[in-house]
Amino acid sequence: MTHELTLAAAERFAEAALGHVTREYPHKLDHVMDGPEDVRGPRDLHPIFFGSFDWHSCVHGYWLLMRLRRLFPDMAQARRIDGLFEEMLTEDNVAGELAYLDRAYSGGFERPYGWAWLIALHREAQERPDMPYADILQPLARAFADRFLTYLPKLTYPIRVGAHYNTAFALILALAWAETNDADLAALVRARASDYYSGDRDCSGWEPGGDEFLSAAMVEALLMRQVLGEAEFAGWFDAFLPRLAEGEPASLFTPAFVSDRSDGKIAHLDGFNLTRAWCWRGIADRLEPHLADRARATAEAHLEASLPYVTGDYMGEHWLATFALLALEQPA
């Protein structure tokens, strides 16, 4: 079975996102308090991205809705999505989000995962020049792009953990935005990707960790597929995973088992399966035919393991559809 992005799937994902992007509680803040006056609620701190359990999930919930609205203009939720954007994506609300970045101790706020998703949201808004949202979001995207420009030169070592701090995942999203918006940032991302990963050899595939939602090995491979030319990538990938034809490391072909989807951290493993599928599909066209077939089959196995669970429990429902969309949009 080949999993595809259908109208039914899009409407399922959109319905879930509409149910959580303005749901303020429960909420996990990334918030440093500098005094008692900073004891404030999510909506007061973040006039747009106060829902979806946490700031970054709310950002990519909006990305999901904006992208699905473009891909499926006749979807059942189209008018509700339009109304949400008109109400929430305003210049005043963006100014409020910007003001939060000027607070003391905000330099590490949502670094780098939330940064990357915000500029990805702006990049998606640019796909709709008939709408005002790219212009409205531009100051916020610029603020986070500037943070990348400051941060990447001093990040001596990449962060390889399979969660929000992962460097390779953030660079994938940052590069997609920078290629059309900031030549300096695009060049910096490419240079840092080479610095961090070009020498990697014989990846052990020691994953997943018990609460990871990214495959550190495979997001690195997807980043290098975007950064390197076809011949360069082939050489790098052969050295990075030299025993792939023998099915090793076996862990890279094996979907994660999710023991408790009501546990927010363990539920990360459904995201791990979805991002693995995204990455295997994303690099398949650069592999030898026998490996490409294996990559696509592996992606389908990972989708089969977790796609049914994108909705159902709020610990996954507030974010998983984004990663399902990433995977399903890649050519099967």
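Which residues do ring pairs link into a cluster? In this predicted model, the cluster consists of Phe49, Trp55, Tyr62, Phe85, Tyr100, Phe109, Trp115, Tyr133, Phe144, Phe148 and Tyr151. The protein holds 15 helices and 0 strands, and the structure as a whole contains 26 aromatic pairs.

**Overall dimensions and burial**

- The radius of gyration of the protein is 19 Å, which agrees with the value near 20 Å that a compact globule of 332 residues would have.
- When contacts between residues at least 6 apart in sequence are considered, 76% of them join residues at least 24 apart.

**Aromatic rings and their neighbours**

- His46, which lies in the loop between H2 and H3, touches Trp55, Glu97, Tyr100 and Phe109, if residues up to four places away in sequence are not counted.
- Among these contacts of His46, Trp55, Tyr100 and Phe109 also belong to the ring cluster.
- His46 counts as buried because its relative accessibility is 1%, the cut-off for burial being under 20%.
- Two arginine side chains are placed over aromatic rings: Arg23 lies over the face of Tyr314, at 3.8 Å from the ring centre, and the charged end of Arg294 sits over the ring of Phe253, 4.9 Å from its centre.

**Helix H11 and its buried face**

- In helix H11, which covers residues 230-240, the residues Phe233, Trp236, Phe237 and Phe240 are buried.
- Viewed down the axis of H11, these buried residues fall within an arc of 100°, and therefore they line one face of the helix.
- Ala231 and Asp238, by contrast, are exposed on the other side of H11.
- The cover over the buried residues of H11 includes H9, H10 and helix H12 (268-283).
- Trp236 and Phe237, both of them buried, form a tilted aromatic pair, with 6.5 Å from centre to centre and 40° between the planes.

**Backbone features in the loops**

- Most residues other than glycine have a negative phi, and most peptide bonds are trans.
- A cis peptide bond joins Tyr25 and Pro26, with omega about 0°, and Pro26 has its place in the loop between helix H1 (7-20) and helix H2 (42-45).
- A cis peptide bond also joins Glu207 and Pro208, again with omega about 0°; Pro208 lies in the loop between helix H9 (183-197) and helix H10 (216-227).
- The loop between H9 and H10 holds Asp202 as well, a residue other than glycine whose phi is positive, near 50°.
- Asp202 is partly exposed, as its relative accessible area is 42%.
- Ser52, although it is not a glycine, has a positive phi of about 60°, and it is found in the loop between H2 and helix H3 (55-71).
- Buried or exposed, how does Ser52 stand? Ser52 is buried, with a relative accessible area of 0%.

Conventions
Residues are numbered from 1 along each chain as its sequence is written. This is a predicted model: local features need pLDDT of at least 70, side-chain atom pairs count only at pLDDT 80 or more; totals for chains, interfaces and linings use all residues. Side-chain values use heavy atoms; hydrogens and water are left out. Helices (H or I, at least four residues) and strands (E, at least two) are DSSP runs, numbered from the N terminus. Buried means under 20% relative accessible area, exposed over 50%, partly exposed in between (1.4 Å probe, protein chains only). Contact means heavy atoms within 4.5 Å. The arc is that of the directions from the helix axis to the C-beta atoms. Rings of Phe, Tyr and Trp (its six-membered ring) pair if their centres lie within 6.5 Å; planes under 30 degrees apart count as stacked, over 60 as edge-to-face and the rest as tilted. A charge sits over a ring if NZ of Lys or CZ of Arg is within 6 Å of the ring centre and within 35 degrees of the ring normal. The radius of gyration is taken over C-alpha atoms; the globule rule is 2.2 Å times the number of residues to the power 0.38.
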